[in-house]
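Hi everyone, thanks for coming. Let me put the structure up on the screen, and then we can walk through some of its contacts together.

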Amino acid sequence: MKAEHQAKLRLLPAVERVLNHPEVTPLCAQFGRPVVTGWVREILARLRSGSAETLPADTAAIEAEIVRQLREVAEAAASQRLRKVINGTGIVIHTNLGRAPLAAAAVNAITEAAACTNLEVDLASGHRSQRGGTVELLCRQVTGAEAALVVNNCAAATLLTLQTLAAGRRVVISRGQLIEIGGSFRLPDVFRQAGVELHEVGTTNRTRLSDYASAIGPETAALLRVHPSNYRIAGFSESVSIAELVDLGRRRGLPVIDDVGSGCLYDLSRYGLADEPVVRESVSTGADLVLFSGDKLLGGPQCGIIVGRSELIARLRSNPLARALRVDKLTLAALEATLEIHRAGKALDEIPVLRQLTQPAEELRQRAEQLLQQLQGRSADPNQFSLREVNSAPGGGALPDQTLPSWAIAINSSSPDQFSRQLRLGEPAVFARVQENCTLVDLRTVNASDDESLIGRILQCAAG
Ligand SMILES: *Cc1c(COP(=O)(O)O)cnc(C)c1O
């Protein structure tokens, strides 16, 4: 037995021989020879240490087995790269799927800015200019603020603001607002990182203006309100409005910082989406700095936007940390295009997040009917498809207790989990959800221009 195993091991090819195999040379061209060499070594080591029975009996079969394993490793490696995903989950701002899908104009702007661009130059004079100037003007126009600054995300905006205005001092905040956002963004940690002492007031469910007032002392640098985006305190609760905080701040000579989170620019309550603080209202109420994300309800690229009083924005800008947190030209290009759409009043038509959040369920039902007909017409087993009335969710830590009525394509199969996995693994990848033993694709979050590829993928998975 031992001798037989030894004999088989002698049949294992040299690394070099595998690398020159006609099916392997294209892999070397794609992934680079050093990487493929590493994979071949690992496969050979596995075969060498495995049991003798699993090893094929002749050289050609062994080589075929090595190439087969190599193809598997290469496919797995290729599937890890970032690529297009059709979002059929019904979660509009899906953090794991990259939050806000960008408007077409923003995508074009990124492509254009990818080459050389007038990032820090005034084309008229040819002289150097400040980067982000146009975007900051747009931020002012859509929010009514005096000045603006764009950084990497809202977490960065919080860090920069706290550190600039309050390092070594105290900031007062309600206990009910010490939030954790997904991805381990915990407010107390950000305070520590900024070197700011957290002065918590009130209780989890109730905080009054008098709690803030009596906390203010000589070491207090600012008052902070944070919108508890991803959860709600209901029942016996009380919180202080931004207007009351602003009034207190004015009387005591302290800046008021308002972290509104999702960057909602309009009152969306008539679409069934209440409770999101509107940036312009916070600004006009008198908050000194208002902080929000670019890739939630604003519907743009990942970034954090700080708007507010010129003198404070100037202080943030001159903090060396601002240089470390600044955004690149691609983000600026996408944000500029997104804000131009907002400024022109076309956001509900052209910004995917807002279009999806406000699309009436009846329109989705009609689209679902059409897709169902096509699926049934093109399938050998039409009965496995049906329509389902479902609920979509805003996601992105916004509006946690609200849902939107929607319609989904329901696919019956022997294993809905396996079917969903197949949908994820093809090109383009489709993310569905499994509910009541069915695979569901919620059309609210699928761009209508992807309907044809969606149907193709569903039929492909249903057939095989
Ligand atoms: C989402 C959110 C953040 C974090 O924003 P990022 O852009 O993801 O860093 C901070 N504060 C509030 C209130 C939020 O809702």
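Let me begin with a rule for rings: those of Phe, Tyr and Trp (its six-membered ring) pair if their centres lie within 6.5 Å, and planes under 30 degrees apart count as stacked, over 60 as edge-to-face and the rest as tilted. By this rule there is 1 aromatic pair. Phe31 and Trp39 make up this edge-to-face pair, with 5.1 Å centre to centre and 65 degrees between the planes.

Before I go on, a word on the source: this is a predicted model, where local features need pLDDT of at least 70 and side-chain atom pairs count only at pLDDT 80 or more, while totals for chains, interfaces and linings use all residues. Residues are numbered from 1 along each chain as its sequence is written, and side-chain values use heavy atoms, with hydrogens and water left out.

Trp39 is buried because its relative accessible area is 14%, whereas Phe31, at 22%, is partly exposed.

On to charges. A salt bridge here is a side-chain nitrogen of Lys or Arg within 4 Å of a carboxyl oxygen of Asp or Glu, and the structure holds 29 of them. One of these joins Arg367 and Asp451, with the closest N and O atoms 2.8 Å apart. That pair links distant parts of the chain: Arg367 sits in helix H18 (residues 361-378) and Asp451 in helix H20 (residues 451-463), 84 residues apart. Helices are DSSP runs (H or I, at least four residues), as are strands (E, at least two), numbered from the N terminus. Both Arg367 and Asp451 are buried.

Arg309 and Glu311 also meet in a salt bridge, at 2.9 Å from N to O. Arg309 counts as partly exposed because its relative accessibility is 33%, and Glu311 is partly exposed too, at 43%.

Finally, what surrounds the ligand? There are 14 residues around the ligand, and the closest are Arg99, Ser229, Asp259, Ser293 and Lys296. Being near means having a heavy atom within 4 Å. Helix H8 (154-166) and strand E9 (256-261) each supply at least two residues of this shell. A side-chain N or O atom of Lys296 is 2.8 Å from an oxygen atom of the ligand.

Terms used. Buried < 20%, exposed > 50% of the residue type's maximum accessible area, 1.4 Å probe, protein only. Polar contact = N/O pair within 3.5 Å; in protein donor to acceptor, adjacent residues only side chain to side chain.
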